[in-house]
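Subject: Structure for you to look at, with notes

Dear colleague,

I am passing on the structure we spoke of, together with some notes on what turned up when it was examined. Please look at it alongside the text below.

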Amino acid sequence: MSILLGAIGDDFTGSTDLALTLGKAGMRPVQYLGVPSSGDTPPEARAAVVALKSRTIPAEEAVAHSLAACDWLLSQGAKQIFFKYCSTFDSTEEGNIGPVAAALLRHLGGEQTIFCPAFPTNARTVFQGHLFVGAELLSESGMRHHPLTPMTDANLVRFLSKQLPEGEAAGLVPYRSVARGPAAIAEALDDLEEHQVKFAVVDAVSDQNLLDIGQACAGFKLITGGSGVAMGLPANFRRKGLLPVEDGLSQMPALEGGAVVLAGSCSVATRGQIDYMAQHSPSLKLDPLALAGGGQTAADAAAWARENLAQGPVLIYSSEDPDEVSRVQQELGRERAGQLVERCFADIAVLLKEAGLKKFVVAGGETSGAVLAALGVEALAIGPEIDPGVPWTSSTGPNQLCLALKSGNFGGPNFFLKALEMLP
Ligand code: ADP
């Protein structure tokens, strides 16, 4: 049996979040880091998620990578394509969500697609086309200060329209239609299509809304959104008799040896998680200035980890508060500071893997991408959920590794130790 759903994610940890959503709904996912160069999806996979790093690259490149991923997913049998972006719609007026969605829709020959970033479990809701983070409009939340994609307009209909190709404008399926269920949503979408509106923002404030939206879009060639709106898609395939009732998540393998936590995210949530773990476990802080000057090296950090692993899991982190990060960035440059730290985490991971370590918890989207690429991981099976949006994963193929990859802001204060306690 080949895959049914093919998904393209615009970043790494967001793709893992999507894969978890599908697995929880009984559709077994496999996740790839980029478009695989060879091989087919495993026979047990019912969905494949290709994780790209296309959120902040130039729009033309994001389109090209997304179309390549789409073609590969179609070649693997995908009957429907899902384009996943962040539940805070991370992008700029120049792209990349609108251009990628428009190019995919054209490529697939679809008539219409939807945009629904809502993720009510994590307090992201869409009402009257406006995106809320908790009780705040997106434009009044912390996202307005995001270093790469500052979100200063919560009106998704207006914001998306700026990203769409010339002559196209976004429309809205409002909550009053969504609240009345799948038939009313389908009717509202048809109305928009009659008015030549191909791109529809859809309100959603609850998981039930997301399930109904998924059902209304069963026949769409392309669906776009956060991970939340994917929760209703497996049921569409099941209704058609294409998806058997089965467990969508993999068991984690029982692997010997210790575990390391590598934290490169500087988010508030991750810094709290570091404070918590450092009270219970040996911890080592990386200093970007010392890394730049050679006073601290990946080899030293890996040696420190090996010496301390007998005491239980160890923590290596670089995370700092925003003032200190901007001081370091002024001295080294933003890109160089980030790359130095990411490179160091990647080298530490490789050295520890060579020393026999098989369990890694990584905090930070970019940090996770750098570590996985260095470890040579190409594909992941998705295991049980640790906290909302973050599963355990295991690398496929020989020399299996257990990997928990956390986007900066996700997870409760005890995330790191909680994750490790879940392993068999
Ligand atoms: P998040 O998921 O929170 O966005 P990321 O790993 O994607 O986390 O991004 C964090 C970025 O900050 C990475 O590029 C990382 O290398 C960089 N970084 C980590 N610690 C520091 C620090 N102390 N100073 C400057 N940059 C840092």
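This is a predicted model: local features need pLDDT of at least 70, side-chain atom pairs count only at pLDDT 80 or more; totals for chains, interfaces and linings use all residues.

The secondary structure of the chain amounts to 15 helices and 18 strands. With a radius of gyration of 21 Å, against the 22 Å that the globule rule gives for 424 residues, the two values are close, so the chain is as compact as a globular protein of that length. Along the principal axes, its C-alpha atoms fill a box of roughly 65 × 45 × 35 Å.

The domain assignment divides the chain into domain 1, covering 5–239, and domain 2, covering 259–422. Taken over C-alpha atoms, the centres of the two domains are separated by 29 Å. Where they meet, 17 residues of domain 1 are in contact with 23 residues of domain 2, and the two domains bury about 1600 Å² between them, with 66% of that area on carbon and sulfur atoms. On the domain 1 side, the residues that lose the most area to domain 2 are T13, L20 and L33, which together make up 33% of what that side buries.

In a salt bridge between K24 and E385, the closest N and O atoms lie 2.9 Å apart. As for which elements of domain 1 touch domain 2, those that give two or more residues are α1 (12–24) and β2 (29–33), and the largest share, seven residues, comes from α1. Sorted by class, this side of domain 1 has nine nonpolar, five polar and three charged residues.

Over the structure as a whole there are 13 salt bridges.

Two points of backbone geometry deserve a check on your side. Most residues other than glycine have a negative phi, and most peptide bonds are trans. Against that background, G95 and N96 are joined by a cis peptide bond, with omega about 0°, and N96 is found in the loop between β4 (80–84) and α3 (97–108). A123, although it is not a glycine, has a positive phi of about 65°, and A123 is found in the loop between β5 (113–116) and β6 (124–127).

Leaving aside its neighbours within four places in sequence, A269 is in contact with G408, N409, F410 and G411. The C-alpha atoms of A269 and F410 are separated by 6.7 Å, although these residues are 141 residues apart along the chain.

With best wishes

Technical notes
Residues are numbered from 1 along each chain as its sequence is written. Side-chain values use heavy atoms; hydrogens and water are left out. Domain bounds come from an automatic or database domain assignment. Contact means heavy atoms within 4.5 Å. Buried area is the accessible area (1.4 Å probe) that two parts lose on being put together, summed over both. A salt bridge is a side-chain nitrogen of Lys or Arg within 4 Å of a carboxyl oxygen of Asp or Glu. Helices (H or I, at least four residues) and strands (E, at least two) are DSSP runs, numbered from the N terminus. Ala, Val, Leu, Ile, Met, Phe, Trp, Tyr, Cys and Pro count as nonpolar, Asp, Glu, Lys and Arg as charged, and the others, Gly among them, as polar. The radius of gyration is taken over C-alpha atoms; the globule rule is 2.2 Å times the number of residues to the power 0.38.
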